[in-house]
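Here's a quick tour of one protein model. Have a look at the structure first, then read the notes that follow.

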Amino acid sequence: MTYEGPTLPHLLRPGLRLVFIGYNPAIYSAEAGHYYARAGNQFWRQLSESGIAGRAVGPEDDRLLPAEAGIGFTDLCCRPTVRAEHLSRDEIIEGARRLHAELLEFQPEVACFSGRGIYQHFGRYALGLSANELARAEYGEQPERIGATVPWVVPSSSGLASKWHRERMEWLHRLRERLEA
């Protein structure tokens, strides 16, 4: 069964200091109309605790944050699914190329990929990096550039990645320090 409902808008514009990039919208989030809307996803709690947004935030704030805090949102792929592995290879390739064009157009200071797998797909299909190069990629700032945009990778905030939540919080604190420098 393929989901036929709405997807989430790409909340991008020039002048952003940070864009968070997910794999693709969860069906739950697409139906709610907000990024990371499921209560089990740690995204909003950790974003609030990191201090990056400057205040406590939740899913209902996603459309306010581009103007208020210079934080945007988008996904590698647009089609909502229950799990990211339901995306086809063609969707991932097309999504990586579309995302690359968006990042070049809007040039946020930092593009934060919420999960190593997302950056591996992006790096392979948009930046032409080899699987070997990408396998060695650590969390945090990446050596590549997308125009002037700095790629940054943090562990996923999904409830399925709960063993990485403490490490994700540490990387968000480092990201805040980098943005403030």
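Two residues are in contact when they have heavy atoms within 4.5 Å of each other. With that in hand, E102 touches H10, L12, T74 and Q107, leaving out residues up to four places away in sequence. Keep in mind that this is a predicted model, where local features need pLDDT of at least 70, side-chain atom pairs count only at pLDDT 80 or more, and totals for chains, interfaces and linings use all residues. Residues are numbered from 1 along each chain as its sequence is written, and side-chain values use heavy atoms, with hydrogens and water left out.

**The whole protein**
- You'll find 7 helices and 5 strands here (helices are DSSP runs of H or I with at least four residues, strands are runs of E with at least two, and both are numbered from the N terminus).
- Starting at the N terminus, the elements go β-α-α-α-β-α-β-α-α-β-β-α.
- The radius of gyration is 15 Å, close to the 16 Å that the globule rule gives for 181 residues, so the protein is as compact as a globular protein of that length (the radius is taken over C-alpha atoms, and the rule is 2.2 Å times the number of residues to the power 0.38).
- Buried residues make up 50% of the 181 residues (buried means under 20% relative accessible area, exposed over 50%, partly exposed in between, with a 1.4 Å probe and protein chains only).

**The sheet**
- The 5 strands form an open, mixed sheet in the order β2-β1-β3-β5-β4 (strands pair if DSSP finds at least two bridges between them).
- At the edges sit β2 (71-75) and β4 (140-141), each pairing on one side only.
- β1 (residues 18-22) runs parallel to β2, and 5 bridges join them.
- V19 stands opposite G72 in β2.

- E102 has its place in α4, and E102 is buried, with a relative accessible area of 13%.
- α4 lies across β1, β2 and β3 (110-114), at about 160° to β2 (axes are lines fitted to C-alpha atoms, for helices over the stretch in contact, and angles run from 0 to 180 degrees between N-to-C directions).
- α4 (residues 89-106) packs against α5 (residues 116-125) at about 80°, with the axes 9 Å apart.
- From α4, R89, I92, I93, A96, R97, L99, H100 and L103 meet H121, F122 and Y125 of α5.
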